Amino acid sequence: MKYPIRVVISGPSGNIAYSALFSLLSGDVFGKDRLIDLVMLCSCPNSSQLQGVDMEIVDCAFPCLSSHLCTSDQHLAFANADYVILFGALPRGPGMERKDLLLKNKDIFEQQGKVLNEVGKPSVRVLVVGNPANTNAYILQQNAPNIQKNHITALSRLDHNRSIGQLAQYFNVSPSEIQNVFVLGNHSNTMVPVFNHVLLNNKQCYDEIKDVTNISQTIRTRGSKIIEARGQSSAASAAQASLDHMRDWHFGTEKITSCSLPAPKENIYEVPEGLVFSFPCKCVDGEWVIQDMDIPDELNTQIQKTIDELIEEKILAQHE
Ligand code: NAD
């Protein structure tokens, strides 16, 4: 077995984390030959729910598990971490607006950013899943200037996977036959799926999609449709997307995927520097590389809308 890597999961007894942990420890993300020092960071390490999760981890006797720890001490958790997945966030309660959620979760990410900045390795790789994921990642990044900027990411892989899933259904093929789809913008219903580069079995097929507007709308509203149907928000698909993101980050990918990253100063989508925005990316030698993929002019208004939303969230987070 290879030397252990330290992986921190926040909100470990939440729905998404519970769906992700067992696949992570079975070697699906970092390889079956990689030991994992698992740290479960939560507000209540003695909660019986978390103790139950911890018992199940022991009972799986995962060959990849090197050590496991439950703690509420962020300094202890983040010191020497290699990978951090932040699922932990307060959920949107009844009558709560997106704005209220942002303000409640802001404190969590501000504090975690400060601690990461103090004790984290500059190279630590962080994925923010807790919503509003892009702005939470922005807040974290602003508070952690010592951490490599493009190592603080937010999850847009779920929207990406949903886009592939919808096109696979449309063409009645396996998702493995669809490539070169990506999403731009915020993880919210302003996000913009982009299809004009799509390949079906390596052949251009954009002209065959007659229903782009409807498919895009299905992708944008998928989260709320799942809540309506299941009575709870998507957990397994969000967990799978988080693990896909981390696996591609660790092993690299030549395929186009979607990753939310702090926008660099120069980018063809004209996103203001620093906003955490979903870009089409490949991953090479552990670094996300934004791909310059042209988009149809008719998407410009939608892209501006998702940029404006992120600016609004950023201003709110800065001034409240
Ligand atoms: P959940 O409510 O089941 O779990 C969240 C967990 O976080 C809870 O166990 C809670 O105790 C914990 N927590 C709260 N504050 C914490 C803190 N300060 N430190 C550590 N842990 C803390 O929610 P879930 O269904 O697992 O979803 C988790 C988050 O992911 C939510 O914010 C949800 O909106 C978001 N989400 C994001 C995407 C995406 O694509 N980006 C998709 C689905 C869900």
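**Group meeting: pocket, domains and salt bridges**

The lining of the second largest pocket is made up of 5 nonpolar, 8 polar and 4 charged residues. Here Ala, Val, Leu, Ile, Met, Phe, Trp, Tyr, Cys and Pro count as nonpolar, Asp, Glu, Lys and Arg as charged, and the others, Gly among them, as polar. A pocket is an open set of points on a 1 Å grid over the protein atoms alone, where a 1.4 Å probe fits, with protein on both sides within 12 Å along at least five of seven lines; lining residues have an atom within 4 Å of a point.

Before I go on: this is a predicted model, local features need pLDDT of at least 70, side-chain atom pairs count only at pLDDT 80 or more, and totals for chains, interfaces and linings use all residues. Residues are numbered from 1 along each chain as its sequence is written, and side-chain values use heavy atoms, with hydrogens and water left out.

Back to the pocket. Of its 17 lining residues, Arg157, His160, Asn161, Ile164 and Lys255 lie nearest the centre. Helix H6 (157-171) is one of the elements that supply at least two lining residues, and H6 gives the largest share, 5 residues. Helices (H or I, at least four residues) and strands (E, at least two) are DSSP runs, numbered from the N terminus.

Next, the domains. The domain assignment, which is automatic or from a database, gives domain 1 (2-154) and domain 2 (157-319).

How much area do domain 1 and domain 2 bury between them? About 3,100 Å², with 61% of it on carbon and sulfur atoms. That is the accessible area (1.4 Å probe) that the two parts lose on being put together, summed over both. Val29, Asn134 and Tyr138 supply 21% of the area that domain 1 buries against domain 2, more than any other three residues.

Now salt bridges, each a side-chain nitrogen of Lys or Arg within 4 Å of a carboxyl oxygen of Asp or Glu. The structure holds 10 of them, and 1 is found across the interface of domain 1 and domain 2. Another entry on my list is Lys121 with Asp82, whose closest N and O atoms are 2.6 Å apart. Lys121 lies in the loop between helix H4 (98-119) and strand S5 (125-128), and Asp82 in the loop between helix H3 (74-78) and strand S4 (83-86), so the pair ties together parts 39 residues apart in sequence.
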